Amino acid sequence: MNKLVAVTVVALLTFAAAPAARAQALLPTDQLDRIVAVAEEDVILQSELDGAVGNVLAQYRANPQQLPPRAELDRKVLENLIMLRLQVQRAESTGIRVTDSDIDQAMQRVAETNKIDVRTLRASVEREGMNYDAYRKSIREQLLIARLRQRVVQNQVNVTDGEIDILLASNSLKAGEVHMAHILITLPEGANADQIQKGHDKAEDVRKQIDGGLDFTTAAIRYSDAADALQGGDLGWRRFDEVPEAFANLAEGMQAGQVSQAMRGPSGFHIVKLVEKRATGRQVVTEYHARHIEVATNELVQSDEAQKTVREIRQRIVDGHEDFAKLAKEYSKEPMSAGAGGDMGWFPIDQYGSRVAETLSSMKDNDVSQAFQTDVGWHIMQLLGTRQSDRTDETKREQAREVLRTRKAEDEYENFLRQIRSEAYACVINVSMSSATLPQCGAAGMVGDKAAAAP
């Protein structure tokens with residue numbers, strides 16, 4: 001099971017003063033826990049940092065030599081916690097909400113992915129020494145950030161058919177999958193020549209250490225500034241179109257196990273390792289023809305009410321032999337299919353998510369499913385038929401669309417993160433935890449609109 005960073009929630013007095021002032025006010029009296037950093041309107045406690053660092057130490061218990069010195073590890077984890085907190089704050093301030101039902105569904109998906117039930121998942125979490133409420137809180141934060149990302153990019157990222165045609169005509173779209181890892185040495189925003197040279201020299205030094213026998217994973221943990229540094233910079237298996245274009249171009253000419261030279265990118269200097277790559281053949285898939293009825297949940301329709309309505313509709317179809325299409329037109333709230341009697345057309349099993357796929361996999365032709373829940377509401381579905389289809393051309397076109405969309409989305413969200421970080425008031429209490437990107441509270445040269453309020 002993938003471990004999530006567990007954080008401990010400590011009740012804090014609420015102050016109307018600036019974040020730094022609140023931090024100072026708490027420091028002298030809070031003997032059980034202390035503040036280590038301020039992140040806008042929130043603070044990060046030593047217990048939270050210790051818990052997050054403890055997760056990393058546990059993950060690398062068998063290979064502790066791969067970790068950087070403890071002070072550097074603490075700084076890396078603290079910076080990750082600050083960025084997480086800033087994203088959660090921005091999500092909440094823009095009206096994004098996550099309900100208990102949303103968290104329950106996410107927990108169910110985690111359990112299903114690990115082929116266990118939720119009760120077993122809870123036992124596993126607690127057996128690993130994690131507080132279950134804190135684990136749920138981390139799930140909530142992930143959902144908030146995912147929805148924030150979706151909101152940031154959805155209105156900014158548009159891929160046209162013309163762009164897809166150009167990409168396909170260029171023959172630059174690479175088929176297959178690649179497993180890569182990377183090390184990032186970041187450069188400050190608007191870096192000057194001296195800062196660029198220092199970043200280059202550090203990247204070259206890391207590359208020489210790898211040539212000298214230093215394990216790449218260890219090098220990433222010790223030196224990388226990327227968010228995935230503590231995972232050894234591992235990008236996992238991805239389609240060629242899911243990695244940065246520069247990485248994909250490198251991988252095409254590399255052999256498994258080979259490490260690239262340091263190269264300059266928008267965020268700094270990268271060192272890339274090709275772990276493995278594999279080709280893909282023709283895409284022959286099973287397609288499903290189905291129709292469905294959806295009763296959406298919202299402020300006016302609660303989940304229990306929607307579930308009851310869907311079950312009653314199913315009973316009218318199965319026991320009363322009423323027409324599915326007629327009831328879909330009358331009751332379904334899914335705008336794309338309701339007017340067509342709920343007809344979803346032909347589609348691969350994973351097109352509409354895991355809950356639809358799970359339901360379809362257990363159905364036979366003309367079966368009507370039991371009521372099931374998704375993120376948008378409650379549904380029933382009728383399977384009309386299946387067929388084998390060669391979707392190689394469609395898959396390639398969808399791949400091209402996803403390549404362009406992913407590139408644009410990554411650029412858009414990376415710019416957004418830089419913006420909120422540059423605008424945010426974020427600092428550390430102890431000078432020993434400070435760095436070029438994370439100053440001590442009150443230090444000269446702090447970035448952010450609230451820097452002037454620092455003590």
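**Reading burial, strands and contacts**

Biologist: At 5% relative accessibility, does His379 count as buried or exposed?

Modeller: Buried means under 20% relative accessible area, exposed over 50%, and partly exposed in between (1.4 Å probe, protein chains only). At 5%, His379 therefore counts as buried. This is a predicted model: local features need pLDDT of at least 70, side-chain atom pairs count only at pLDDT 80 or more, and totals for chains, interfaces and linings use all residues. Residues are numbered from 1 along each chain as its sequence is written, and side-chain values use heavy atoms, leaving out hydrogens and water.

Biologist: Where is the place of His379?

Modeller: Strands are DSSP runs (E, at least two residues), numbered from the N terminus. His379 sits in strand 10.

Biologist: Which residues is His379 in contact with, leaving aside neighbours within four places in sequence?

Modeller: Contact means heavy atoms within 4.5 Å. With those neighbours left aside, the contacts of His379 include His292, Ile293, Glu294 and Val310.

Biologist: In which sense do strand 7 and strand 10 pair?

Modeller: Two strands pair if DSSP finds at least two bridges between them. Strand 7 and strand 10 (residues 377-390) pair in the antiparallel sense, over 13 bridges. Arg291 has Gln382 in strand 10 as its bridge partner. Strand 7 also pairs with strand 8 (residues 343-348), antiparallel, over four bridges. There, Tyr288 stands opposite Phe347.

Biologist: Why is strand 7 largely enclosed by the rest of the structure?

Modeller: Count its buried residues. Strand 7 (residues 284-296) has 10 of its 13 residues buried, so it is largely enclosed.
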